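Q: Could we go through this structure together? I'd like to take it slowly and ask things as they come up.

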Amino acid sequence: MEFRLLGPLEVQRDNEVLDLGPPKRRALLLRLLLANGQTVGVDRLCDDLWDGSPPPSAMSSVHAHISRLRMVLEPERARKEQAKVLRSVPTGYALRVPPDMLDSVRFERMVQQAHALSSRGRIGEARQEAERSLGVWRGAPLLDAYQHRFAEGEAARLEALKLSVEELCTTLLLQEGQIAQAIIGAERLIERDPLREASWAMLMRALYFAGRHAEALQRYETVRALLARDLGLDPGPALRETQMAILRHDTTTLRPPPQRILLAAAPPGETVTPPNAAGPSLPGRERELTRLSGLLRDAATGHTRWAVVTGAPGTGKTRIADELVKSAAAAGFDTAYARCTGNTGPQSGVRDRTLDRLVRTMDTLTDTAEARPAFCVLEDVHRASADVREFLSSYARSVRHASLCVLLTASDAPGPDTERLLAELAVCDAEQIELAPLTESDVRQIVSTEADGAVPADMAPEMFALSGGNPFLLTQLVKQAASRRDTPDERLPVPPAIQSIVRARLAGLSPAARQVVECAAVSGDEPDMELVSQLAEMRIGVVLELADQAVAARLLSWDESRLTQASGGYRFTAGVLLRGVLMQLSPARRQILHARAARLLAARTGWDDQDIATHVVMAGPALPAEESERALRFVSASVGLPRAVAVGSDRRA
């Protein structure tokens with residue numbers, strides 16, 4: 001049998017085109033074909049075939065269509081004989097057919113062969129193979145599922161791959177010296193996709209070799225204005241390089257000889273350096289960078305590798321991506337970068353430009369990966385649209401043997417849709433790395449290396465406590481400490497950037513949850529939740545539910561290993577955030593809350609408690625002198641006064 005997806009769906013057996021039945025059945029067959037032999041659950045089939053809104057009869061309809069498809073695909077199968085092609089498994093259905101039966105698979109293999117021939121300098125044979133691959137197309141890919149979201153990503157990928165083959169044909173025409181045909185080919189490509197920079201660069205080169213230098217430069221201005229108007233972007237490096245080569249009459253750059261560069265195997269006498277085995281340098285993230293650098297080395301040897309780095313805001317996901325981009329570029333990789341903005345969606349009416357850029361970028365990188373390895377970074381995948389997620393999932397399943405490494409970054413709480421994507425990528429052997437907070441040793445190293453001696457080494461423990469091991473918070477604190485080197489004995493103020501973060505996170509809470517956080521800040525780093533309940537005048541159950549809001553806002557964290565009767569396992573994620581919350585309280589409210597905390601704790605244990613003494617000092621005039629002096633006297637006699645309390649006592653005197 002032969003399955004034809006590059007146009008209207010056809011299944012052919014012994015030169016006979018089979019009758020596949022009504023549109024819904026044809027879409028079902030396409031959905032199973034796109035799963036590449038993997039099992040698809042019945043619930044997922046219902047969701048995909050009815051775009052998330054299946055009717056009550058959807059499941060029985062799917063079963064009926066499956067039965068009819070089996071009769072068409074295996075007409076000689078006995079009634080009770082187990083199906084061999086369209087198989088039932090406990091969790092759903094799987095269509096098991098050899099990949100060679102799909103025209104889309106054969107197309108991709110011919111494309112790879114065309115690139116391989118081109119890289120060996122066999123230009124004529126490469127063009128013939130590329131043209132042969134285009135000959136299998138009969139129309140729009142996956143046409144019978146064009147209205148279904150499940151097909152959008154794969155259809156876009158196939159269209160982009162077809163476009164890359166057409167570009168290859170035009171490039172080969174240029175290398176053969178058939179300039180007029182190359183110009184016609186490039187013009188047609190631009191008509192189909194006016195924002196595709198590779199096509200414009202090709203046209204500019206062809207015009208140059210036709211002796212139309214001024215027109216070539218004018219075309220650069222045309223595409224520059226187009227990109228600025230439609231995407232708000234400047235031309236990419238390849239297009240700018242083409243423009244500069246035309247201005248310099250650099251024919252070597254404009255028409256380079258075909259070649260193949262593999263970082264894994266350098267020619268005799270030459271040294272090609274793969275990404276450093278130890279990875280790029282980033283204090284506190286050496287282990288993660290080493291793992292990711294290993295994926296780059298795999299990509300350099302002709303493999304496709306995916307990685308997902310997750311972590312809380314400020315844990316260094318972007319820093320890691322930046323370091324890897326530098327390392328990959330230095331090793332000869334083509335690199336690309338994009339960020340999901342989250343401002344598009346079915347209801348927004350805004351075209352998903354991230355998807356447009358991603359399809360073009362990945363297509364270009366996969367194309368060049370036949371000659372050079374490529375590294376693509378897509379940040380903030382938790383903000384990606386459904387189309388972007390579908391494209392990534394489809395791409396990961398179908399592209400396995402390109403010299404390509406793809407790095408995705410996401411929040412540590414990405415939501416169910418992104419979790420589903422990450423699970424699908426895990427099936428494709430994606431490396432998943434979660435960034436933990438830095439250790440105190442890491443912080444000590446960063447303080448010593450990044451502060452250039454402006455911050456005393458003995459401040460590292462304080463920096464660790466204040467930052468909670470968060471690299472962004474630590475960087476802000478180090479900058480603040482370095483700027484106050486002349487006043488080392490003063491308490492380090494909360495940096496302005498962190499104040500903004502605290503205000504934004506508090507603003508996202510309900511009024512009741514904000515009150516709980518403020519009372520928790522008065523209680524301390526590991527707040528006494530019973531005390532918080534009394535200060536906020538709320539039942540303890542309500543306080544704990546509101547504390548979960550603060551956990552979601554990343555002001556508090558919950559750690560089962562630190563679970564105690566008093567704290568319930570809650571603590572502030574960083575000491576500097578606790579200070580930031582206290583700064584949002586007026587001095588009067590802060591002192592009143594400390595006074596109430598002192599009285600409530602004294603009612604439990606009496607006044608001879610060091611924690612009570614701290615609240616007493618911070619209460620100031622909100623606590624009568626008789627009560628405050630009694631507390632300070634008890635604590636001084638029993639356990640000694642901490643520095644802050646002693647200072648407060650002196651001031652009272």
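Q: What kind of model is it, and what is the mean pLDDT of the protein chain?
A: This is a predicted model, and the mean pLDDT of the protein chain is 81, with 84% of its residues reaching 70 or more.

Q: Where does pLDDT stay under 50?
A: One such stretch is residues 343-352, for which the model has 9 contacts beyond four places in sequence, and another is residues 637-653, for which the model has 20 contacts of that kind. Where pLDDT is low, the predicted coordinates should not be read in detail.

Q: How many helices and strands are there?
A: The secondary structure of the protein chain comes to 28 helices and 13 strands.

Q: And what share of the residues count as buried?
A: Of the 653 residues in the protein chain, 48% count as buried. As for how the chain touches itself, among its contacts with a separation of 6 or more, 68% are between residues 24 or more positions apart.

Q: OK, helix pairs. What describes two packed helices?
A: Two packed helices are described by the angle between their axes and by the distance between those axes.

Q: At what angle do helix 12 and helix 13 pack?
A: Helix 12, which covers residues 286-300, and helix 13, which covers residues 317-330, pack at an angle of about 40°, and their axes are 11 Å apart. The crossing in which helix 12 passes helix 13 is right-handed.

Q: Which residues meet there?
A: On the side of helix 12 they are Glu 288, Leu 289, Leu 292, Ser 293 and Leu 296, and these meet Ile 320, Glu 323, Leu 324 and Ala 328 in helix 13. Sorted by class, this contact of helix 12 with helix 13 has 6 nonpolar, 1 polar and 2 charged residues.

Q: What about helix 20 and helix 24, at what angle do they cross?
A: The axes of helix 20 (residues 496-507) and helix 24 (residues 575-583) cross at roughly 70° and come within 9 Å. Helix 20 and helix 24 are therefore roughly perpendicular to each other, and helix 20 passes helix 24 in a right-handed crossing.

Q: Which residues make that contact?
A: Helix 20 contributes Ile 498, Gln 499, Val 502 and Arg 505, while helix 24 contributes Val 576, Leu 577, Gly 580, Val 581 and Met 583. The residues of this contact of helix 20 with helix 24 divide into 6 nonpolar, 2 polar and 1 charged.

Q: What is Leu 158 in contact with?
A: Leaving aside its neighbours within four places in sequence, Leu 158 is in contact with Leu 6, Ser 104, Glu 108, Trp 137 and Pro 141. Taking Glu 108 from that list, Leu 158 and Glu 108 are 50 residues apart in sequence and 8.9 Å apart in space, C-alpha to C-alpha.

Q: And where is Leu 102 found?
A: Leu 102 is found in the loop between strand 6 (92-95) and helix 4 (103-119), and it is buried, with a relative accessible area of 6%.

Q: Which residues does Leu 102 touch?
A: Not counting residues up to four places away in sequence, Leu 102 touches Phe 3, Leu 5, Leu 33 and Val 97. Leu 102 and Met 1 are 101 residues apart in sequence, and from C-alpha to C-alpha they are 9.1 Å apart in space.

Q: Is Arg 389 buried or exposed?
A: Arg 389, which is found in helix 15 (residues 386-398), counts as buried because its relative accessibility is 15%, and the cut-off for buried is under 20%. Not counting residues up to four places away in sequence, Arg 389 touches Ala 384, Asp 417, Thr 418 and Leu 421.

Q: Last topic: what is the phi of Asp 429?
A: Asp 429 has a positive phi of about 65° although it is not a glycine. Asp 429 is found in the loop between helix 16 (416-427) and strand 11 (431-434), and at 65% relative accessibility it counts as exposed.

Note on methods: Residues numbered from 1 in each chain as written. Predicted model: local features only at pLDDT ≥ 70, side-chain atom pairs only at ≥ 80, totals over all residues. Heavy atoms only, no water. Axes fitted to C-alpha atoms, helices over the stretch in contact; angles between N-to-C directions. Helix = DSSP H or I, 4+ residues; strand = E, 2+ residues; numbered from the N terminus. Left-handed = near helix turned anticlockwise from the far one by under 90°. Contact = heavy atoms within 4.5 Å. Nonpolar A, V, L, I, M, F, W, Y, C, P; charged D, E, K, R; others polar. Buried < 20%, exposed > 50% of the residue type's maximum accessible area, 1.4 Å probe, protein only. pLDDT = per-residue confidence, 0-100. Parallel < 35°, antiparallel > 145°, perpendicular 65-115°, else oblique.
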